[in-house]
Amino acid sequence: MTEEFKNALSSFTFDAACGRGIRHLAENGYSAEQIQALLDYPVSIDRIRQEMKRLSDEKKDIESGKIEDYRIIKETGKYGRTTFRRVPRE
């Protein structure tokens, strides 16, 4: 396996196992220690803090305009074809 594939697989596995849970709890104001106690999947406190920092940095980038915040719009044409469009949030 290539190194890129290993990194992608590792990131996917982490996100599926606990990444979304960590982000959800962090957005609701839980500390890293509280999150670690609530998770069913064993995760080091350093990894939780790393994910919380990434989330914080991403929010700062969105607020500063470096990353454009957007939403996905689902559209269905007159013949039933479904398409999705990315639209900036206002």
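## A walk through the predicted chain

Let's start inside the fold, at Arg-23: once neighbours within four places in sequence are set aside, its contacts are Asp-15, Glu-51, Arg-54 and Leu-55, where contact means heavy atoms within 4.5 Å. Before going further, some ground rules: this is a predicted model, residues are numbered from 1 along each chain as its sequence is written, and side-chain values use heavy atoms, with hydrogens and water left out. Local features need pLDDT of at least 70 and side-chain atom pairs count only at pLDDT 80 or more, while totals for chains, interfaces and linings use all residues.

Now step back to the whole chain. The protein chain has three helices and two strands, taken as DSSP runs numbered from the N terminus (H or I, at least four residues, for helices; E, at least two, for strands). Read from the N terminus, the order is α-α-α-β-β. With a radius of gyration of 17 Å, well over the 12 Å that the globule rule gives for 90 residues, the chain is more spread out than a compact globule. That radius is taken over C-alpha atoms, and the rule is 2.2 Å times the number of residues to the power 0.38. Along the principal axes, the C-alpha atoms fill a box of roughly 50 × 35 × 25 Å.

What about burial? Buried residues make up 18% of the 90 residues in the protein chain; buried means under 20% relative accessible area, exposed means over 50%, and partly exposed is what lies in between (1.4 Å probe, protein chains only). The accessible surface comes to about 7,400 Å², and carbon and sulfur atoms hold 50% of that. These areas come from the Shrake-Rupley method with a 1.4 Å probe, and for residues only the protein chains shown count as cover. As for contacts with a separation of 6 or more, 23% are between residues 24 or more positions apart.

On to the charges. The chain carries 17 positive and 16 negative charges, and their mean positions are 6 Å apart. Here Lys and Arg count as positive and Asp and Glu as negative, with His and the chain ends not counted; each charge is placed at NZ of Lys, CZ of Arg, CG of Asp or CD of Glu. Side chains of opposite charge can pair when their charged atoms come close. How many salt bridges does a search of the whole structure find? It finds eight, each being a side-chain nitrogen of Lys or Arg within 4 Å of a carboxyl oxygen of Asp or Glu.

Take the strands first. Glu-75 and Arg-85 meet through their side chains in a salt bridge, at 2.8 Å from N to O. Glu-75 lies in strand β1 (residues 70-76) and Arg-85 in strand β2 (residues 82-88), so this pair ties together parts that are 10 residues apart in sequence. Glu-75 is partly exposed at 30% relative accessibility, and Arg-85 is partly exposed too, at 44%. Elsewhere, salt bridges that share partners join Asp-15, Arg-20, Arg-23, Arg-47, Glu-51 and Arg-54 into one network.

Let's look at that network piece by piece. Arg-23, where we began, sits in helix α1 (residues 3-27) and counts as buried at 18% relative accessibility. Asp-15 pairs with Arg-20 in a salt bridge of 3.5 Å, N to O, and Asp-15 is partly exposed at 24% relative accessibility. Glu-51 belongs to helix α3 and forms a salt bridge with Arg-54, with the closest N and O atoms 2.8 Å apart. Those two are three residues apart in helix α3 (residues 45-64), which puts about one helical turn between them. Is Glu-51 buried or exposed? Glu-51 is buried, at 6% relative accessibility, whereas Arg-54 is partly exposed at 37%. Beyond its neighbours within four places in sequence, Glu-51 is in contact with Phe-14, Gly-19, Ile-22 and Arg-23.

Next comes Val-43, in the loop between α2 (32-38) and α3. Val-43 is buried, with 10% relative accessibility. Leaving out neighbours within four places in sequence, Val-43 has contacts with Phe-14, Cys-18, Ile-22, Gln-36 and Ile-48.

Last stop: Ala-8, in helix α1 and partly exposed at 46%. Its C-alpha atom is 27 Å from that of Pro-88, which is 80 residues away along the chain.
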